[in-house]
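Hello,

Here is the structure I promised to hand over. Please have it open while you read the notes below.

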Amino acid sequence: MPRPSEVIDSVDTDEGKLALIRQASGHWVIAIDHRPLMSSFLHRSEVALADLACAPLAKKTAPRVLIGGLGMGYTLRAALDLLPADAEVVTAEINPIVAGWCRGPIAELSKNALDDPRVKLEILDVSILISRAAEAPEEEKFDALVLDLYEGPYPPPKGTEDLVYGRKGLQQARLALRSGGCMAVWSEGPVKTFEKLMGACGFRAEFHRPKHKGPRHVVYLGWPYTS
């Protein structure tokens, strides 16, 4: 008789119970309020997110990259595999339990990416780091902002504004990038309103769908227009 899925660890959050689950198949799932957020079985789009943002930086001297959302570490691992030895990769994760999972029971999924000396982990909302970089001198800005947050840039409830994907957040992101820098955004699916907002906030936007079958996950890329 196959073993049932097992909740390895969990924590209560404002959105519901965040849980790390080991499935009977051996795959891992991170779920919020019983709804799967990510799986070790399907992570191609998370890898594509890092590839699209970081491949152009492979030969750049001392690039700085900000990754928002640690998850299972697949995006971080893919970025590290592309970036040079003198890169700095600031990784923002709002929940410390997720970082604990990536250093503990699921560390092997990312090949212990958090132990890479190029990585600086910040247990902080990524919007705060983007705002700080927006006001910082050029050398403290980023060559790439790589954002993988929950479902992606869907419109928030009426009367509220997303701190990362809203108008102010995108304006801050534009200022947080070095000259020639790129913002890459993972999304569960296409969001036409976000594409329009990127343009309104000074980005030249591109849409990529890494996988043509299965989930409709997409990646948006944006480069600030230069005057």
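A term first: buried means under 20% relative accessible area, exposed means over 50%, and partly exposed lies in between (1.4 Å probe, protein chains only). This is a predicted model, where local features need pLDDT of at least 70, side-chain atom pairs count only at pLDDT 80 or more, and totals for chains, interfaces and linings use all residues. Residues are numbered from 1 along each chain as its sequence is written, and side-chain values use heavy atoms, with hydrogens and water left out.

Start with helix 2. The buried ones are Tyr74, Thr75, Leu76, Arg77, Ala78, Ala79 and Leu80. Their cover includes helix 1 (44–54). It also includes strand 4 (35–39), strand 5 (64–68), strand 6 (88–92), strand 7 (119–122) and strand 8 (142–147). Helices (H or I, at least four residues) and strands (E, at least two) are DSSP runs, numbered from the N terminus.

Now the whole protein. There are 6 helices and 11 strands. The radius of gyration (over C-alpha atoms) is 17 Å, close to the 17 Å from the globule rule (2.2 Å times the number of residues to the power 0.38) for 227 residues, so the protein is as compact as a globular protein of that length. Of those 227 residues, 49% count as buried. Take contacts (heavy atoms within 4.5 Å) between residues at least 6 apart in sequence: 64% join residues at least 24 apart.

Best wishes
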